[in-house]
Amino acid sequence: MNSESSEIKITLTLYRGLNGTNPSAFRVDQDGVSVFENSLPDYKFNLLIRAVYQGEKVAGVVAQIVEPMLKGGIAEYTPQFGAGH
Amino acid sequence: MNDAEKIAQVEEIVQSQNSEKIFEVVNLALSIQDEEDRDLYLLDAIRWLVKNRIWQKAYGAAQLMSDSYEKSQALQEVADYLASIGHLAKAFSIFAEAEKASTAGSLAEWQKAELLHNIAKSLRRTKAVFKADEVWEKAITAAQKGEESPSSQDSYDSSGVLAEIAEYFATEERIEEALSVAQKIKNIGKKEKVRRQISAYSQQIKQIA
């Protein structure tokens, strides 16, 4: 493993499209809530979530969520479920 | 009093378990101006009323909600309670209202499918097997429609509901039906994952047998 490149922190902005603000606007399943790397234009709101990861961006890589209210949360890169997922 | 103050009071009453405030809590929640907040806190009040066995008031409050996800949820919870105490005729009539509320035009297809799946599970628990399957059919149809959404998020969430239904069938040892629902899932990753889960359930059933 290249230790230099693995130390570089990359910040992602993730998006969740919302048409409301109640908990029912979020679909929560056993994998959590789906978020996407691209903004979602067909919704009233886009909830922006910043997350940081290190190393190569491959399926399964885990990014740490850095939003203060969601601190401790993680986002897993799962392109097998769709582009930018 | 503004919405934030009303919400704080509703939360305080619900947490205090003060039964003298039963009538005040619904009026307070109903007076919240913001429609989404109103439905959310009416749902809280309704849950509190059901917990205190005041189902008529809870049912009345649910009928006053706007056409929302929370309305269907509230009606389902009132019907669940009635079924649990043996008022089956009234429970089925309110389950039907919950089903109708779940098809509100403002809801995303995955939300409709999720609500219908929950209603079907409740009906199944009350042994209304045929009606439950009928509602599941509607849930599957709504989820499949949602999968065709141009929004990748709505499409994925709809696949998620189909996966949940398939897995639920597997937990009920309805393996063929579970596989049939899994087969319909458009998202390949989700389909493969749920197929593995069904296979695991199927193996467990064989080992027990």
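In what follows, helices are DSSP runs of H or I with at least four residues, strands are runs of E with at least two, and both are numbered from the N terminus. By this convention B:Glu173 is placed in the loop between H9 and helix H10 (175-184) of chain B. The model is a predicted one. Chain A contains 1 helix and 6 strands, whereas chain B contains 11 helices and 0 strands.

**Chain A: overall form**

- Along the sequence, the elements of chain A follow the order α-β-β-β-β-β-β.
- The C-alpha trace of chain A spans about 45 × 30 × 25 Å along its principal axes.
- Of the 85 residues in chain A, 14% are buried.
- Considering contacts in chain A between residues at least 6 apart in sequence, 45% link residues at least 24 apart.

**A loop residue of chain A**

- A:Asn38 is found in the loop that runs between strand E3 (32-33) and strand E4 (45-54) of chain A.
- A:Asn38 counts as exposed because it has 12 C-beta neighbours inside 10 Å, and a residue with 12 or fewer is classed as exposed.
- When neighbours within four places in sequence are left aside, A:Asn38 is in contact with A:Tyr15 and A:Gly84.
- A:Asn38 and A:Leu14 are 24 residues apart along the chain, and their C-alpha atoms are separated by 6.9 Å.

**Chain B: overall form and domains**

- From the N terminus on, the elements of chain B run α-α-α-α-α-α-α-α-α-α-α.
- The C-alpha atoms of chain B occupy a box of roughly 55 × 40 × 25 Å along the principal axes.
- Buried residues account for 47% of the 209 residues in chain B.
- In chain B, 53% of the contacts between residues at least 6 apart in sequence join residues at least 24 apart.
- The domain assignment divides chain B into domain 1 (1-107) and domain 2 (112-209).
- The C-alpha centres of domain 1 of chain B and domain 2 of chain B are 28 Å apart.
- To the contact between them, domain 1 of chain B gives 15 residues and domain 2 of chain B gives 10 residues.
- On the side of domain 1 of chain B that touches domain 2 of chain B, helix H5 (69-84) and helix H6 (88-101) of chain B each supply at least two residues.
- The residues on that side of domain 1 of chain B comprise 9 nonpolar, 4 polar and 2 charged.

**Nonpolar cores**

- In soluble globular proteins, nonpolar side chains tend to be buried together.
- The largest nonpolar core has 63 residues, of which B:Ala45, B:Ile46, B:Val78, B:Ala139 and B:Ala166 touch the most other members.
- Helix H3 (residues 35-51) of chain B contributes the largest share of this core, 9 residues.
- Domain 1 (1-107) and domain 2 (112-209) of chain B each provide at least three residues of this core.
- Another core, of 6 residues, lies apart from it and includes A:Val35, A:Ile49, A:Ala51 and A:Ala63.
- Leaving aside neighbours within four places in sequence, B:Ala166 is in contact with B:Ala178, B:Val181, B:Ala182, B:Val194 and B:Ile198.

**Helix H9 of chain B and the residue after it**

- Helix H9 (residues 152-171) of chain B has 20 residues and reaches 28 Å from its first C-alpha to its last, close to the 28 Å expected at 1.5 Å a residue.
- H9(B) is mostly covered, with 17 of its 20 residues buried.
- Just after H9(B) comes B:Glu173, which has a positive phi of about 65° although it is not a glycine.
- B:Glu173 counts as partly exposed because 14 C-beta neighbours lie inside 10 Å.

**A second residue with positive phi**

- B:Arg53, a residue other than glycine, has a positive phi near 65°.
- B:Arg53 lies in the loop between H3 and helix H4 (55-63) of chain B.
- B:Arg53 counts as exposed because it has 10 C-beta neighbours inside 10 Å.

**Interface between the chains**

- In the interface, 16 residues of chain A are in contact with 18 residues of chain B.
- The side of chain A that touches chain B consists of 3 nonpolar, 10 polar and 3 charged residues.

Terms used
Residues are numbered from 1 along each chain as its sequence is written. Chains are lettered from A and ligands numbered from 1 in the order in which they are written. This is a predicted model: local features need pLDDT of at least 70, side-chain atom pairs count only at pLDDT 80 or more; totals for chains, interfaces and linings use all residues. Domain bounds come from an automatic or database domain assignment. Two residues are in contact if their C-beta atoms, placed from the backbone, lie within 7 Å. Ala, Val, Leu, Ile, Met, Phe, Trp, Tyr, Cys and Pro count as nonpolar, Asp, Glu, Lys and Arg as charged, and the others, Gly among them, as polar. A nonpolar core is a set of buried Ala, Val, Leu, Ile, Met, Phe, Trp, Tyr and Cys residues joined through C-beta atoms within 7 Å. The expected span of a helix is 1.5 Å times one less than its number of residues.
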